[in-house]
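Please look at the sequence and the structure before reading on.

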Amino acid sequence: MIIDSERAVVFTGAGISTESGIPDFRGPGGIWEKYDPSDFTYQRFVGDSDSRRRHWDFYLNGGFGSEDEVSPNPAHHAVAELHSMGKVHCIITQNVDNLHQRAGVPEDRVIELHGNMRWVKCLDCGKRSTLAEVVQWARENSIDEPRCEICGGMLKPQAVFFGESLPERALADATHYSSNCDLFIVIGSTLVVTPAAFMPRYAVQNGARLVIINIGATPMDRQATMVVEARAGEFMAKVVERVKDKVGTQA
Ligand code: ZN
């Protein structure tokens, strides 16, 4: 299907990154067993300084893992390789971990529906820094809630929080590419969080084939051409090898 397609889109969720050591928020051992999800709403973050300190406690204690601890796994590398072979047009992701970009997919080919935890932005002056820089600076200065170094404004990670609207541009792009693809490959998403979960619907409604690679069932399984219950890394590494073989013999 990948070889036959002209405009394949890959859609990824938490399941592609669990093999990189990033815990699934909802699963066993997930972040919500240690932290209260109601603290992680946009409204609480902006409006309640105790809640904000609990956020920063989470980041300062390596909540998402540092760049040395977390790296792209074979599934991210497989997707990046398919992209560089011209076999994947773009990647739509629910993840905020920056791992597709780190695997080598150009930034403008990754559509991030829930933003990106790599960046922190000042809500007042708009200055952008990396979370790693801010965390390091806060640790060195024993600060429990870092503020903007320029204007003293509130710093917020550029991931989309609960209760915060999705970035309009990303949502528009995701809708466009989902509606205009001929193959839609889901990797590691249970397809339950809307509006992200609408994307495979748009694809199917417009005649695309749907492939779902996920541990566990999804609401879209019955509309899929193929459902694969497998770990993303192992499976996608094999897929890339097969695509390379076939492209090689065609050439
Ligand atoms: Zn500022």
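## The loop between β7 and α7

P195 lies in the loop that links β7 and α7. The model is a predicted one, and in it the peptide bond from T194 to P195 is cis, with omega near 0 degrees.

L191 is also found in the loop between β7 and α7. L191 is not a glycine, yet its phi is positive, at about 55 degrees. What is the relative accessible area of L191? The value is 3%. L191 counts as buried because this value falls under 20%.

## The parallel sheet

Strands of a sheet pair through backbone hydrogen bonds, and the pairing is either parallel or antiparallel.

Strand β2, residues 90–93, runs parallel to β3 and is joined to it by 3 bridges. Within this pair, I92 stands opposite I111 in β3.

## Helices on the parallel sheet

## The antiparallel sheet

Another open sheet consists of 3 strands with antiparallel pairing, in the order β5-β4-β6. Which strands stand at the edges of this sheet? They are β5 (128–130) and β6 (155–159); each has a single partner strand, so one side of each is left without a neighbour in the sheet. The twist here averages 40 degrees from one strand to the next.

Strand β4 (residues 115–122) and β5 run antiparallel and are joined by 3 bridges. K121 stands opposite R128 in β5. Helix α5, made of residues 131–140, packs on the sheet and touches β4, β5 and β6. The angle between the directions of α5 and β5 is about 75 degrees.

## The loop between α5 and β6

S142 is located in the loop between α5 and β6. Its phi is near 50 degrees, a positive value in a residue other than glycine. Is S142 buried or exposed? S142 is exposed, because its relative accessible area of 68% is over 50%.

Technical notes: Residues numbered from 1 in each chain as written. Predicted model: local features only at pLDDT ≥ 70, side-chain atom pairs only at ≥ 80, totals over all residues. Heavy atoms only, no water. Pairing = 2+ DSSP bridges. Helix = DSSP H or I, 4+ residues; strand = E, 2+ residues; numbered from the N terminus. Axes fitted to C-alpha atoms, helices over the stretch in contact; angles between N-to-C directions. Contact = heavy atoms within 4.5 Å. Buried < 20%, exposed > 50% of the residue type's maximum accessible area, 1.4 Å probe, protein only.
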